[in-house]
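Hello,

Here is the structure I promised you. Please open it and follow along with my notes below.

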Amino acid sequence: MKHKIILVSAMTENCVIGRNNKLPWSLPDDWSRLLKLVYGKDIVMGRKTAQSHEAFLSEGRNYVVSQSLDQMEGCIIVKDIEDLFHFQENDLYILGGSDIYRYFLPHATHMFLTLIHTTLEGDAYFPAYSEAAWKLVNKDRRYADDRHEYDFSFLDYSRI
Ligand SMILES: NC(=O)c1ccc[n+]([C@@H]2O[C@H](COP(=O)([O-])OP(=O)(O)OC[C@H]3O[C@@H](n4cnc5c(N)ncnc54)[C@H](OP(=O)(O)O)[C@@H]3O)[C@@H](O)[C@H]2O)c1
């Protein structure tokens, strides 16, 4: 494969990634890591993520997958998700939500996951994946403090 496909996500131990189109936590150090990881990169988001409370634009291309939108400022609207493979010119950083992760998971070469050490209620989930298909290349545990409500771990995977 010419380019990498990289899933970037934060989830609780029960795989919740969102609630009411927001992140149900505030973890500033995780957020800074996300911004650093995708700075200048081509990113892919579902329409709801692109319209969510925490939405942001990368300095690279911002692809928004949607059948209902025709335009969004600073973004390239993708109606047929498969087009992203045909026109892929750079590594793609996949920023969710659920269906977008599910679609790209079989094609992903790397995953930068943040596991938040709690369970929460939510309405958007990271899809199930087989640990056997992935090698954990880095793990970094962070502890709750006055700015971070929960312990969390950065888990970097590459496909075996
Ligand atoms: N924790 C994290 O790392 C993380 C990351 C991202 C998002 N989130 C959270 O997740 C939630 C949003 O995610 P979500 O799963 O509800 O929605 P989403 O994936 O962001 O957006 C869903 C929309 O994307 C479009 N879409 C999805 N698959 C498509 C396909 N195959 N072809 C064309 N369009 C497609 C559709 O848009 P149209 O309806 O316009 O057709 C669909 O309604 C929010 O709570 C957000 O805060 C969390």
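V8 sits in strand 1. Strands (E, at least two residues) and helices (H or I, at least four) are DSSP runs, numbered from the N terminus. This is a predicted model: local features need pLDDT of at least 70, side-chain atom pairs count only at pLDDT 80 or more, and totals for chains, interfaces and linings use all residues. Residues are numbered from 1 along each chain as its sequence is written.

Is V8 buried or exposed? V8 counts as buried, because it has 20 C-beta neighbours inside 10 Å. The cut-offs are 20 or more other C-beta atoms within 10 Å for buried, 12 or fewer for exposed, and partly exposed in between, with C-beta atoms placed from the backbone. Leaving out residues up to four places away in sequence, V8 touches L34, L37, V38, Y93, I94, L95 and F112. Contact means C-beta atoms, placed from the backbone, within 7 Å. M111 is 103 residues away along the chain, yet the two C-alpha atoms are 5.9 Å apart.

M111 also has a bridge partner, Y157 in strand 10. Strand 7 (residues 110–116) and strand 10 (residues 152–159) run antiparallel, joined by seven bridges. Strands pair if DSSP finds at least two bridges between them. Strand 10 also pairs with strand 9 (residues 134–142), antiparallel, over eight bridges. There, R141 has S153 of strand 10 as its bridge partner.

Now the ligand. It is surrounded by 29 residues, and the closest are G18, G46, T49, G96 and G97. Near means a C-beta atom, placed from the backbone, within 6 Å. Helix 4 gives the largest share of the shell, four residues.

Best wishes

Terms used:
Two residues are in contact if their C-beta atoms, placed from the backbone, lie within 7 Å.
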